[in-house]
Amino acid sequence: LPTAFYLGVKERQLEDALMLADPITELTIALELNYFQLNRAEYFVPLALKIPGSELARAKRGGAERTLIDFMGEIKEGNVTVANLRDKIELKLSGQTAAELATRPIAYDAGFTLLPGTYKLKILARDAETGRIGTYLRTFTIPNLNKEDKRVPTSSVVLSGQMVDMRDALFSVKDKLKTQDLNPLVREGQKMIPSVTRVFHRNKELRVYVQAYQQEIETAQPTVGYVSFFRDGAKVFESAPVVATQATGTRLKVLPIEMRVSLDRLTPGEYDCQVTIINPDGKKASFWQAPIMVIP
């Protein structure tokens, strides 16, 4: 039978798996979604997905020199599909890449442009060599920041423990230029990798990235950001404040705020990480908090 027949069968199998209501967990998937306002209507939503490299080592043990991972996904608003994803990455299972599979996850990313609303995301990943499949389901909301009048309007907060070169084949595929142009996590050939597990090494630097927005003003007002760490309800450390004054955009003033925090002052353990954004002139503030783990 022709190759096209087999490809068609595989596509139908993936589509059938994607339609299942219950998740498939043969292949472990960790995923994070963020959002950044592009204009008064649209938001860029980058997706960061990781699969443990140890999962793909199965293909190596089977004698394969390379494997292909298929990705399929959809985003729905109610019963209406507003975005689809079909992609694949090829991974070499020999040399340095194979040696790193045991300790480094495989990272894949994509991006979508969406309007404010509540959505359902479903992503499927399949290792073509072993046939193992994993699916990930999540409901998420993109807020309408145009209506925010009590707090500082901000993007989601990204926590990262690593920057990687865009040419690093182990961490990402060849990215779509249009998507990467919109992605604020990509700068000067380097990509900030969101920590989907929020586990950070004590001897490394924590990077925190967030955007603050100011609408319909001629000159952007300085905005301040800092990071606090709490344990058992008590503050144990607070970073020095970072002041953002340079805004991009015309009608929508975008103030990028990046904070770098050395974690060597924290003992290993669990913390509540709080990011505070303040607009002193507008007398507004915004707070974001999430649990993290610091390891030796």
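Reader: In which sense do strand β9 and strand β13 pair, and over how many bridges?

Author: Strands of a sheet pair through backbone hydrogen bonds, either parallel or antiparallel. Here strand β9 (residues 158–165) and strand β13 (residues 205–215) pair in the antiparallel sense, over three bridges. Within this pairing, L159 has V208 of β13 as its bridge partner. β9 also pairs with β11, again in the antiparallel sense, over five bridges, and D165 has Q190 of β11 as its bridge partner. Strands are DSSP runs of E with at least two residues, helices are runs of H or I with at least four residues, and both are numbered from the N terminus. Two strands pair if DSSP finds at least two bridges between them.

Reader: What should I know about the origin of the model and its numbering?

Author: This is a predicted model, in which local features need pLDDT of at least 70 and side-chain atom pairs count only at pLDDT 80 or more, while totals for chains, interfaces and linings use all residues. Residues are numbered from 1 along each chain as its sequence is written, and side-chain values use heavy atoms, with hydrogens and water left out.

Reader: How many helices and strands does the protein chain have, and what share of its residues is buried?

Author: The protein chain has four helices and 19 strands. Of its 296 residues, 47% are buried; buried means under 20% relative accessible area, exposed over 50%, and partly exposed in between (1.4 Å probe, protein chains only). Contacts, meaning heavy atoms within 4.5 Å, may be sorted by separation in sequence. Among those in the protein chain between residues at least 6 apart, 71% join residues at least 24 apart.

Reader: Which strands form the open sheet, and in what order?

Author: Four strands form an open sheet in the order β5-β4-β7-β8, with antiparallel pairing. Its edge strands, each pairing on one side only, are β5 (80–92) and β8 (133–142). The twist averages 15 degrees from one strand to the next; here axes are lines fitted to C-alpha atoms, for helices over the stretch in contact, and angles run from 0 to 180 degrees between N-to-C directions.

Reader: How many bridges join β7 to β4, and how many join β7 to β8?

Author: Eight bridges join strand β4 (residues 66–77) to strand β7 (residues 117–127) in the antiparallel sense. In this pairing, G73 stands opposite I123, and I69 stands opposite D127. Between β7 and β8, which run antiparallel, there are 10 bridges; L124 has T135 in β8 as its bridge partner. The hairpin of β7 and β8 has five residues between the strands, and G131 there takes a positive phi near 80 degrees.

Reader: Is β7 mostly covered or mostly exposed?

Author: β7 is mostly covered, with nine of its 11 residues buried. Y119 is one of the residues in strand β7, and both Y119 and F140 are buried.

Reader: How is a pair of aromatic rings described, and how many such pairs does the structure hold?

Author: A pair of aromatic rings is described by the distance of the centres and the angle of the planes. The rings of Phe, Tyr and Trp (its six-membered ring) pair if their centres lie within 6.5 Å; planes under 30 degrees apart count as stacked, over 60 as edge-to-face and the rest as tilted. The structure holds four aromatic pairs. In one of them, Y119 and F140 have ring centres 5.5 Å apart and planes at 25 degrees, so the pair is stacked. This pair links distant parts of the chain, with Y119 in strand β7 and F140 in strand β8, 21 residues apart. The rings of F229 and F237 also form a stacked pair, because their centres are 6.0 Å apart and their planes at 20 degrees. Both F229 and F237 are buried.

Reader: Which residues does V236 touch?

Author: Not counting residues up to four places away in sequence, V236 touches F229, R231, L266 and Y271. V236 lies in strand β15 (residues 234–238) and counts as partly exposed, at 44% relative accessibility. V236 and L266 are 30 residues apart in sequence and 8.0 Å apart in space, C-alpha to C-alpha.
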